[in-house]
Amino acid sequence: MSQPLNILLVDDNGLRASIIEEGLREAGYGNVSVVTTVAGLVKRIEMLEPDVIVVDLENPNRDQLEHFFQVSRVVKRPMAMFVDRSDTAEIEAAIEAGVSAYVVDGLKKERIKPILEMAISRFNAVSRLTRELAEARSELAERKTIDRAKGILMKVKKLDEAAAYKLLRRTAMNENRRIGEVAAGLVSAYTLLGDD
């Protein structure tokens, strides 16, 4: 890694947190902040701006896990969660919440670095896929709007499909706007006029 990672360690057991912090430092991570209470965690995360969050829960109950799953959804950062025990439902909930690494009974010094690297890689891959999916959905919605606008022009102006698209494109160029914006404006205006 080219820049040192800022790591936030969350563990309500201060003694265990200091052992894990030492393990992180031995693994080469010098920028470690420790939080031993979950009260105001999201604000602390926003203030500290960690690159990755390490959560250690000795014997988590469902409320604790759900709290961290909610945090994971909000903060949009790689999160490696270490728990001493788990069940299938908790693992599925962790994955659904976007926890990048969910490790059961595996917090050992020598495993920290590869687990963090994997958590960051997985987070980046999921983020990229999420972004690509959002872009694809947006493009599809825009295409549908353009098709609808072409249909309106074909109906109202008695144009064929190619001429309707050409008119949309020329209008977009003349107004220095994207064709999708022009199409959306036309569809909105047509809908407002009640001719739909």
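**Strand partners and the sheet**

Analyst: Happy to! This is a predicted model. Let's begin with Phe82, whose bridge partner in strand 5 is Val103.

User: Nice. How many bridges do strand 4 and strand 5 share, and in which sense do they pair?

Analyst: Four bridges, in the parallel sense. Together with helix 4 (residues 88-97), strand 4 and strand 5 make a right-handed β-α-β unit.

User: And what about strand 3 and strand 4, how many bridges there?

Analyst: Five bridges join strand 3 (residues 52-57) to strand 4 (residues 79-83), and these two run parallel. Within strand 4, Met81 is the residue that stands opposite Val55.

User: Is strand 4 mostly covered or uncovered?

Analyst: Mostly covered, with five of its five residues buried. Met79, Met81 and Val83 point one way, Ala80 and Phe82 point the other way, and all are buried.

User: Let's zoom out. What is the strand order in the sheet?

Analyst: The order is 2-1-3-4-5, an open sheet of five strands with parallel pairing. At the edges are strand 2 (31-35) and strand 5 (101-104), each pairing on one side only. On average, neighbouring strands are turned by 15° against each other, direction ignored.

User: Switching to helices: which strands does helix 1 touch?

Analyst: Helix 1 (residues 14-26) packs on the sheet and touches strand 1 (6-10), strand 2 and strand 3.

User: What angle does the direction of helix 1 make with that of strand 2?

Analyst: About 170°.

Note on methods:
Residues numbered from 1 in each chain as written. Predicted model: local features only at pLDDT ≥ 70, side-chain atom pairs only at ≥ 80, totals over all residues. Heavy atoms only, no water. Pairing = 2+ DSSP bridges. Axes fitted to C-alpha atoms, helices over the stretch in contact; angles between N-to-C directions. Contact = heavy atoms within 4.5 Å. Buried < 20%, exposed > 50% of the residue type's maximum accessible area, 1.4 Å probe, protein only. Right-handed = clockwise from strand over helix to strand, strands pointing away.
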